[in-house]
Amino acid sequence: MVWFLGLGIGGLVLLVLSLVFDGVSEGVLDGFDGGLDGFLSLPVIAGFVSALGFTGALVLGTTGTGAGAATGAGVVTGVGVAWLTWRFSRALMRDGSAPAPRGEDLTGSSGSVVTAIPAGGYGEVLLHLAGQPVKYAAKADVPVARGTEVWVESVLSPTSVTVRPVER
């Protein structure tokens with residue numbers, strides 16, 4: 001049973017090391033996975049070894065059948081855990097997020113004036129980009145008072161926009 005517990009603990013240590021060093025040694029196993037897209041990654045191997053060890057120790061300690069049966073049960077469980085770890089890591093890697101917001105996304109959005117905008121000069125507006133409030137320098141053709149709701153007509157630079165007051 002000590003061997004099985006050692007394998008289980010060794011697998012957990014391998015998992016912690018793979019998380020701490022975050023892929024430093026991932027390239028070592030790249031040529032051996034046969035094109036299975038990371039099936040032999042360290043987290044997958046760590047899951048297999050831990051499941052093999054702990055399941056083997058559990059079967060050996062509770063049933064008393066012998067090392068062969070405990071190893072067989074550990075291998076079956078280890079393969080299942082390795083497969084689940086591989087599927088989970090592939091799902092995390094495939095997680096496609098929305099593209100990063102660009103300044104052009106501001107055109108047509110609304111906001112409010114924070115610092116009054118003089119005619120032909122610059123003031124400040126508070127806009128929401130990707131759900132976050134962002135303050136931009138703003139230019140308008142007409143004077144716009146503080147607190148007025150405005151629409152973005154165009155983006156002048158990454159930090160400035162042209163606005164017009166909202167007419168209701």
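Helices (H or I, at least four residues) and strands (E, at least two) are DSSP runs, numbered from the N terminus. The expected span of a helix is 1.5 Å times one less than its number of residues.

Let's start with helix H1, residues 2-20: its 19 residues reach 26 Å from first C-alpha to last, close to the 27 Å expected. This is a predicted model, in which local features need pLDDT of at least 70, side-chain atom pairs count only at pLDDT 80 or more, and totals for chains, interfaces and linings use all residues. Residues are numbered from 1 along each chain as its sequence is written, and side-chain values use heavy atoms, leaving out hydrogens and water.

Phe4, Gly8, Gly11 and Ser18 of H1 are buried (under 20% relative accessible area, with exposed over 50% and partly exposed in between; 1.4 Å probe, protein chains only). Seen down the axis of H1, these buried residues fall within an arc of 90°, so they line one face of the helix. They pack against helix H2 (42-63) and helix H3 (67-94). On the face turned away from that buried side sit the exposed Val2, Trp3 and Val20.

Now for the strands (two pair if DSSP finds at least two bridges between them):

| Strand pair | Bridges | Direction |
|---|---|---|
| S1 (residues 110-115) and S4 (residues 149-157) | Three bridges | antiparallel |
| S4 and S5 | Six bridges | antiparallel |

Gly111 has Val150 in S4 as its bridge partner, while Ser154 is partnered by Thr162 in S5. A hairpin through two residues joins S4 to S5.

Ser160 lies in S5 (residues 160-165) and counts as buried because its relative accessibility is 9%.

Definitions and conventions: Arc of directions from axis to C-beta. Contact = heavy atoms within 4.5 Å.
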